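Welcome to my notebook. I opened this structure and wrote down what I looked up, entry by entry.

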Amino acid sequence: MRSVPSIIHLDMDAFFAAVEQASKPSLRGKPVIVGGLGGRGVVSTASYEARKFGVHSAMPMAQARRLCPNAAFLTGRFEAYRANSEIVMGLLRERSPLVEPLSLDEAFVDLEAGPYGPALAAATPAEGAQLVLALAEDLRADIVERTGLTASVGAAASKLMAKIGSEQAKPDGLVLIEPGSERAVLAPMPVRALPGIGPATEQALRRAGLTSVADLAEAGFEELVGLLGKAHGAGVFQMALGWDERPVVPDRDAKSVSVEDTFEVDLADRERILREVDQLAARCVRRLRAAGRSGRTVVLKVRRFDFSTLTRSETLGGPTDDPAVIAATARRLAQQVDTTGGVRLLGVGVAQLADYTQEDLFAQAEREAEEGEFGEGEGEGVVEAAEVAVEPVARRWWPGQDVTHSEFGPGWVQGSGVGRVTVRFETPYSGPGRVRTFSVDDEGLVASGALPLRPPAVEG
C-alpha cells in the first residue's frame, strides 16, 4: 500500500436535496425531501435539516411525511442532477485521468496519476500528506464556486480508507487518514462500516459475538472463512486489517445494476414475496438513477429453500428507469417461479443499460393497469366516432418541476390539485420569490428545463 494518502473519495452532501435548495432560494436552510410522492414512494435523498427529524434515504415517503410534515416534498429533477454531476466530474478529471465514478455524486480519484503525481512521488510522507490536503481543499472550493454545492472528501492510501474518511468528513468536510493508521481507525467501528457487510452478514457475525471491526481482525482468517465462506470471509478479514490494493478504475461501464436480499427465515407466503420484490425494485431504481442510467432488461433472481438458484428476465421495448414499470415487470417474473418450499434470497436487476429513457408508453400502460383506469366492459360493441365525446386531458404538474410563465418568468411548482397549480417564481440567483396560483390549463404556463446553479458569465 502507498506511503502517501493520494487516493481521494469525494461524496457530494445530500446531493439531490442540495441541488433543490440551491435552485430554490425559498428552501435554503429548510427541510427538503426528494423522492417518489405516490402511495408507495420512497425517499431518495433528505436534506440535513430533514435528517434531524429522522428522515433518511430508502424510507417510505409516508413515514417521512409523519416524521417531518413541514418539509418540502419534491419529485426528482434528474436533468438538473446530471448537469451538476458533469461539472463535478469534470473538476475531478482536471486533477487526474483516473476517476472512478460510483454514481452521479460520488467518485474515487487517484492523484498520483495526475499533474501532481511527480511531486507526490518525490515528497516525504508528511510533505505528500500536506500536498494532498491542499489539493483536496482546492477541489472543494472549486466545486462551491462552480455549483454552490458542498462535498465531503476522504484522503487515504487506499479506496477503502478514503471512503471511510469521506463518511467521517460529512457534511462539508475533509478527513485525511495517515498511512499506517488504518487498523487504529477501523478498530472501534461497527462491522457494517465495512463495504460488503449487509444485514444478513451482520447477523451472522453478531451470532458469533463479532460486532466491531477489531473483533473481526482478532477472529482471524480461518474463523471468518468458516462463518462467511472462502471468498467473502477472506475479503472481510483483509478489510478488517485495513488492507486494500484495489486500483482506481476510470469510467467504469457497468453492464447491469442490481440489488438482492438474503432472508433469515425462508419466505413462503406469496404476497410477502411480491412485497419484497416491490421493495427490491424500488432500491434498484434508486441505484439506476443515481448512476444516471436506464435499462431495457429486468432480471429477477430467486434462491429457493434447497439453494437452487433461478433467474428470469424480460426485455422491454426500450430503456426505462420508471419504478412502476420495473416493479410490475419484476412481479410478473416472480409469478412465473415456483416458490413452493420457501425462498431464501431474492434479487432484482436491470441490464442492457443506456444513458437515456424511452419509458413513456411502458409507464403509462403500467399505471393504467395498476390504477384501473379502464373499467370492465369497456370496448364491448362498436361505438360510432361521432358519438364519442373527447374530454380534454388536464395537464399534470409535479412538486419541484421547473416551469416558465409568459408574464412572470421562470419558477417551480409548489403543488397542484382541484384544477389549480401553485408556482413560486424564483431562480437560483434571485432571492425568495412570489407565489401565484393558476388554472392547471393556463396557456401561459409551460414546463421548462433546469437553470444552471450559477448565472452564465457575461461576456465583455
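**An enclosed helix**

I began with helix α7 (residues 159-169), where eight of the eleven residues are buried, so the rest of the structure largely encloses this helix. Buried means under 20% relative accessible area with a 1.4 Å probe, protein chains only. I listed the buried residues of α7 as Lys159, Leu160, Met161, Ala162, Ile164, Gly165, Ser166 and Ala169. Helices (H or I, at least four residues) and strands (E, at least two) are DSSP runs, numbered from the N terminus.

Residues are numbered from 1 along each chain as its sequence is written, and side-chain values use heavy atoms, without hydrogens and water. The protein averages a pLDDT (the predictor's confidence in each residue, from 0 to 100) of 87, and 89% of the residues score at least 70. Over residues 358-393, pLDDT stays under 50. Where pLDDT is low, the predicted coordinates should not be read in detail.

**A sheet of three strands**

Next I found an open sheet with mixed pairing, its three strands in the order β3-β2-β4. β3 (43-46) and β4 (72-74) are at the edges with a single partner strand each, so one side of each has no neighbour in the sheet. Strands pair if DSSP finds at least two bridges between them. I saw that β2 (residues 32-35) and β4 run parallel, joined by three bridges. Isoleucine 33 has phenylalanine 73 in β4 as its bridge partner.

Notes. This is a predicted model: local features need pLDDT of at least 70, side-chain atom pairs count only at pLDDT 80 or more; totals for chains, interfaces and linings use all residues. Contact means heavy atoms within 4.5 Å. Buried means under 20% relative accessible area, exposed over 50%, partly exposed in between (1.4 Å probe, protein chains only).
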